Amino acid sequence: MMFAIEQINNSSRVLPGLQLGYELHDSCSEPLVALQPSLLFLARRGSSGIALLRDYTEYQPRVAAVIGPHSSDLCLLTAKLFSSFLIPQVSYGASSETLSNTELYPSFYRTVPSDKNMVEAVVLLLSQFGWNWVATVGSDDEYGRGAQALFLSMASTNNICIAFEGLIPDDLTEPNAKTQLENTIKLINSTKVNVIVLLAQTSAAQALLQHSIRMGLGKKVWIGTEAWMVSDIPTTTPNIQSVGTVLGFVTRTGTVPGFREYVAELFRSVTQEEFCRQSWELSRSTDAEELDTPCQQCGNVTLGDIWPMLEVTAVQPVHMAVYSVAHALHRALGCTSKGCPKTPIRSWQLLHFMNTLPFEVNGQSFRFDQSHGTNTGYKLILWAWRDGTVTHLPVGNYDQSLYIRKSQIQFHTADKKEPTSECFKRCQPGQFRRIKGFNLCCYDCTDCSENTWSSTDSTSCSPCPRHQWAPARSTRCHDRGERFLFWDEPLALALLSLAALAAALSAAAALLFLRHLQTPLVQLAGGARSLFALLWLLLQSLSCCLYVGRPGAALCSLQQLSYALCLNGCFSTLVPKALEIALRTEFPRRAPGLLRWVTQGRAWLLVATSMLAQALLCLCHLHLGPDYLVADYESLPSEVLLVCGTQSWAAFALLHSYNSCLAFSCFLCTFMVQTPAGRYNVARGITFATLIYFVVSIFFVVVFTTLRTVLRAVTQICTILATTLGILASFFMPKCYILVFRPDLNTGDYCQNPSEQQPEQDRQ
């Protein structure tokens, strides 16, 4: 500090024409000792007392600014005093993050980074080497507790697990301090960690290292900070090389030109008579009320004793602290190259210029950030042993990002590679962490199940949206494909081929019946009504196409209607014939009066009435709840199933119940009819046609109500084809056979209604 002040006083650029004065006090690292000069600095200029005023705007304290102290503990005490009077205080070593609160400490500044920056660097170092199972020990003071709290917070957010956390007693002379250190070493050893983060002051770090050596902790990776890494005290511990590998971060600073020569000149002047005389006169003139703590061993200090200290990183921060105040004075006074005005300046006036403007030191530009600190970055150093002497080997840098020259680091392991220290391994993409045991940081890696995904090293698997899917152990979701009965798939082609066959048979039978429309056999089957039935069977066969391809809302509502209406068109033509047969066989005496209602033109009226009733039921079905398009995301793992769902089973039953009633009526009218030998039994065809319908319908209802796959459409197609082919095979094909291959049977004698045989039977 003296060197910086003398540089400024001898410079014509910073404060030309002004001479800075100063007072030096040794805090002895004791709060009470540091408090005494702090109170003295607050005294009114020219006195030794602090005035009590309402307004301190014009108050002129003894000093314009304060440089120091070095430790965070002392700064937390003194910063509250100086902030109350808005006196600038610039520390060159206090790194506690608490001091970054500018509301509590508005006039506190520092020329070193805060512990938050250092802890960020430590966490990045652990992450780059993959060390996620570590122990952390701090000194029981403001520096150690604050730094450890920051480290624990950042470690948890970076997937670094803390196997042990502890504090080293602040007073190592206490009786239980040794026991506490021994317990700390035992607990660290029980965790099986290979990396220890030591956030402590020099004396506390030395005590822990000594006990680890004495108790045989074994070689570990020790990650330290500037508080003890650059000190020569821990390195003098016997057998210190057995602790393992020591890595740590120190503030990145530059050299101060001319400082070594200045110190050497001071030591030469100590031996001169003039220096001793001035020192004696100065000590006699000092006010006895002021603090006077003479150093008892200072007379025995040589240049060789302090020479190593000239290389430490604390030299430039002190130099920067003095220059920051000098530049603020330069701007507050309005100095020019010719000189500075002799106007009085208040301490609080310096704060504006320290907050907003940069300052220059030895050609480098610096400025205080929003937290009133300077972040010059860090160097990663390694304790490298050469001939029993430790050297601080730079192996990396940190300035917002960490760069490590790993090839220059030789670890204590047999292969000189970094050891592992992990309770878990990084999970691969598509896996998540499943906690095992009692420690929340220890877990197994488990594959994500289907339809879930995870990124690298996730704590859980995220479900895919409904419209997407994912296979097991997936890192992302994929869009679902649509699944329905495609036109080009083999099953659809096979069913459509059968539908085409059924349609062709219906058309062929219709043409054949049309050609032989006036023959006895066709007239016995119903005549033109048979052509009408075959036409509806043809349409029913073609309706199979409604179930193939991508379904839609309109298509779904049309499917059940087409089946019910086409089937009704067929059964409506069979009902008059079934009633005619029943009247002729069961009620022969009343038949002549009733047959006119089920034959000839009135039979068509019955058909039309039946179809009209079915059409009304179709309208009711549309009103109560038509089938609708269902997007099923659950049935298939990777596709969305598009099917037509039943909205109302009551409407479904109402729609198809009428056809069932017609079929049941036809069955009741024909199943007991007996036909003499040698005569064609037209009733048997109706009986088997309705019987086939019932069997198919039973299977259809059972399967249709339980299926929620693409086979639902297949089931409906099969039902349509089975019903159509069953009616064709049982009622129409036998007649076609006679028309084509046995035309000799197409006679009036063979093709007679059952009642026409009754008289002959009576005569016998």
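Which residue stands opposite R483 in β22? I looked it up, and R483 faces L641 there.

**Ground rules.** I noted that this is a predicted model, where local features need pLDDT of at least 70, side-chain atom pairs count only at pLDDT 80 or more, and totals for chains, interfaces and linings use all residues. Residues are numbered from 1 along each chain as its sequence is written, and side-chain values use heavy atoms, with hydrogens and water left out.

**The sheet with R483.** I found β20 and β22 (residues 639-645) pairing in the parallel sense over three bridges. Strands here are DSSP runs of E, at least two residues, and helices are runs of H or I, at least four, numbered from the N terminus. Two strands pair if DSSP finds at least two bridges between them. The open sheet has three strands in the order β20-β22-β21, with mixed pairing. Its edge strands, β20 (481-483) and β21 (628-632), each pair on one side only.

I saw β4 (residues 133-139) pair with β6 in the parallel sense over four bridges, with V137 opposite L198. β7 (residues 220-225) also pairs with β6 in the parallel sense, over three bridges, and V197 stands opposite I223. From β6 the chain crosses through helix α7 (residues 202-214) to β7, a right-handed β-α-β crossover (clockwise from the first strand over the helix to the second, with the strands pointing away from the viewer).
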